Structure formats: structure tokens, C-alpha cells
Amino acid sequence: MQQFNIGNIVSLASYLYRSNFKKFSRLSLFAHLWLIVPIYGWAKFYAFAGLISRLAFSEISAQPESSKFAKIQIKKRFWQFLITAILVILICLLQFFIFYIGISIIAGIIYGILATIFGTISQPINQANPFDNTIFRIIIIPIAIAVYFSPLWFYSRFFITDLPLAIEDDTNFIGAIKRSRQLTKGLTWRIIAIIFISFVITLPIQILGWLIYSKGFNILIQLISLLLSGD
């Protein structure tokens with residue numbers, strides 16, 4: 001037992017998906033279609049994600065399961081998946097809010113100190129174009145980058161909450177969150193890198209899928225409008 005590097009993990013994931021392309025693609029398609037339905041559909045999406053995780057884990061463990069058996073196990077914890085997803089979203093939002101408030105206060109203090117030291121406090125920030133102020137640019141650009149990427153940082157600790165729920169029989173939503181944080185401890189940058197590389201690799205498929213999804217959704221809305229108008 002040893003930690004894989006990022007390249008090994010991405011390669012293994014690609015191999016697993018190619019080996020089970022038909023099965024995983026079908027499950028993934030159903031999962032994303034359920035996103036159209038609020039709340040219940042979101043629970044179904046997260047449960048499907050857990051199902052794929054369970055099937056992938058069983059393949060890696062050399063104890064492959066049938067989709068039918070895995071679905072039965074996942075179905076037992078259907079609402080646990082939704083509760084877990086909601087809790088993860090709320091925790092990440094709370095962390096982001098606290099981080100945003102804190103970094104804004106720190107940025108204001110740093111700006112005041114630097115402006116006082118360099119004598120630019122008498123040059124107020126241009127409301128139309130605040131980037132005219134050099135000190136403002138120096139402070140705001142790295143802070144903006146940190147704020148923009150901070151949700152990914154917070155989420156990385158909860159990245160595998162669906163896996164404990166899917167494979168550990170004695171785990172509830174609280175245990176799944178704790179387990180995810182335990183397993184991802186010290187691996188934040190690796191997980192962020194894996195998410196980013198996976199996103200880049202699958203970007204063409206995501207774009208195609210989004211175009212098909214958008215077109216289908218627009219057609220559905222138009223049909224509903226026609227039915228409601230009685231035309």
C-alpha cells in the first residue's frame with residue numbers, strides 16, 4: 001500500500017472508465033439528467049455518484065460487484081446522500097464567507113499601512129477605475145485569486161464524502177464527512193491538481209454534453225410554453 005502520484009491516479013481513472021465505459025457512461029448520464037429535478041433529483045445525482053464510486057472501488061479491490069447489487073446497497077442510503085451533499089455545501093459556504101470577511105479586513109489593514117508608508121493615502125482610489133492605484137493593484141490581484149480558488153480548497157477536504165457512504169455499511173452522513181476529512185488530510189494540493197487535470201482532460205466532453213443539455217432544456221421549456229398557451 002502506497003500513495004499514487006497524480007499521474008498514476010489520472011491514468012488509473014482513465015483505465016477504469018475505458019474498461020467500464022458503457023456502464024459508467026450510462027450511470028453518469030442518468031445522474032446528470034436527474035439534476036433537472038430539484039432536491040429529489042439532486043439526491044439521485046449524488047447517489048449515482050456514490051454508485052459509480054462503489055463500482056470503481058470494487059474494481060480496484062479486485063472484488064467486482066454487479067450494478068444491480070451495488071444499486072441495492074446505495075438505495076438503502078438514498079437520503080443520506082442528499083443530507084451529506086447539503087451539509088457539505090453549507091460547510092463550504094460558511095468557510096468561504098468567514099475567509100472572505102477575514103481576507104477583506106486584512107486587505108484593508110495592509111492597504112492602509114502601505115498607503116501611509118508610501119504617502120499615497122492622499123490619493124483616493126478612483127471609483128471608476130480603482131486599478132489606477134498601484135497599491136490597490138498589488139493587494140487586490142493576489143487576494144482576488146485566493147478568493148476565486150478558495151471554494152476549491154475548502155471542497156477538496158470533502159471531495160470523497162460519497163465514497164464512505166457507498167462502501168462502509170456502518171457510516172452515516174456525519175461519519176462520511178469525518179472520514180473524507182481524515183482521508184484527505186495533507187493531500188489538499190494533490191486533490192486540487194487531480195480535479196484540475198481531470199477537468200481539462202474531460203473538457204471537450206463536458207462542452208459537448210452542456211450543448212446537448214442546453215438545447216434539450218430549451219426545447220423542453222418551449223414545449224411546456226406551447227402546452228400552457230393552448231397552441
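Biologist: Is N20 buried or exposed?
Modeller: This is a predicted model. N20 has a relative accessible area of 9%. A residue under 20% counts as buried and one over 50% as exposed, so the word for N20 is buried.

Biologist: Where is N20 found, and which residues does N20 touch, not counting residues up to four places away in sequence?
Modeller: N20 is found in the loop between α1 and α2. When residues up to four places away in sequence are not counted, the residues that N20 touches are S25 and E59.

Biologist: How do helix α1 and helix α2 pack: roughly parallel or roughly perpendicular?
Modeller: Helix α1 covers residues 6–19 and helix α2 covers residues 21–34. Angles from 65 to 115 degrees count as roughly perpendicular, so α1 is, relative to α2, roughly perpendicular.

Biologist: Which residues of α1 and α2 make this contact, and how do they divide by class?
Modeller: From α1 come L16, Y17, R18 and S19, and from α2 come F21, F24, S25 and S28. S25 is also one of the residues touched by N20. By class, the residues of the contact divide into four nonpolar, three polar and one charged.

Biologist: What should the span of α3 be, and how far apart are its end C-alpha atoms?
Modeller: Helix α3 has 21 residues. The expected span is 1.5 Å times one less than the number of residues, so α3 should span 30 Å. The end C-alpha atoms agree with this, being apart by 30 Å.

Biologist: Which helices do the buried residues of α3 pack against?
Modeller: The buried residues of α3 include G41, F48, L51, I52 and L55. R54 is also among them, with a relative accessible area of 8%. The helices that these buried residues of α3 pack against are α1, α2, α4, α5 and α7.

Biologist: What is the angle between α3 and α5, and what is the arrangement called?
Modeller: Two packed helices are described by the angle between their axes and the distance between the axes. For α3 and α5 the axes are 8 Å apart and the angle is about 100 degrees. The two helices are therefore described as roughly perpendicular.

Biologist: Which residues of α5 meet α3, and which class does each residue of the contact fall into, by count?
Modeller: On the α3 side are Y40, W42, A43, K44, Y46, A47 and G50. On the α5 side are F78, W79, F81, L82, T84 and A85. By class, the contact of α3 with α5 has ten nonpolar, two polar and one charged.

Biologist: Where does A62 lie, and is A62 buried or exposed?
Modeller: A62 is found in the loop between α3 and α4, just after α3. Phi of A62 is near 60 degrees, a positive value in a residue other than glycine. At 65% relative accessibility, A62 is over the 50% cut-off, so A62 counts as exposed.

Biologist: How many salt bridges does the structure hold?
Modeller: In one, the side chains of E65 and R54 meet at 2.8 Å, N to O. In another, the side chains of E168 and R179 meet at 3.1 Å, N to O. The number of salt bridges that the structure holds is two.

Biologist: Which parts does the pair of E65 and R54 tie together?
Modeller: E65 counts as partly exposed at 22% relative accessibility, whereas R54 is buried at 8%. The two residues are eleven residues apart in sequence. The parts that the pair ties together are therefore the loop between α3 and α4 and helix α3.

Biologist: Where do E168 and R179 lie?
Modeller: E168 counts as partly exposed at 22% relative accessibility, and R179 is partly exposed at 28%. The two residues are eleven residues apart. E168 lies in the loop between α7 and α8, and R179 in helix α8.

Biologist: Which residues is I167 in contact with, leaving aside its neighbours within four places in sequence?
Modeller: I167 has its place in helix α7 and is partly exposed, with a relative accessible area of 25%. With neighbours within four places in sequence left aside, the contacts of I167 are R54 and F57.

Biologist: Which residues does L114 touch, not counting residues up to four places away in sequence?
Modeller: L114 is found in helix α5 and has a relative accessible area of 26%, which counts as partly exposed. Not counting residues up to four places away in sequence, the residues that L114 touches are I135 and I139.

Note on methods. Residues numbered from 1 in each chain as written. Predicted model: local features only at pLDDT ≥ 70, side-chain atom pairs only at ≥ 80, totals over all residues. Heavy atoms only, no water. Axes fitted to C-alpha atoms, helices over the stretch in contact; angles between N-to-C directions. Parallel < 35°, antiparallel > 145°, perpendicular 65-115°, else oblique. Contact = heavy atoms within 4.5 Å. Nonpolar A, V, L, I, M, F, W, Y, C, P; charged D, E, K, R; others polar. Salt bridge = Lys/Arg side-chain N within 4 Å of Asp/Glu carboxyl O. Buried < 20%, exposed > 50% of the residue type's maximum accessible area, 1.4 Å probe, protein only.
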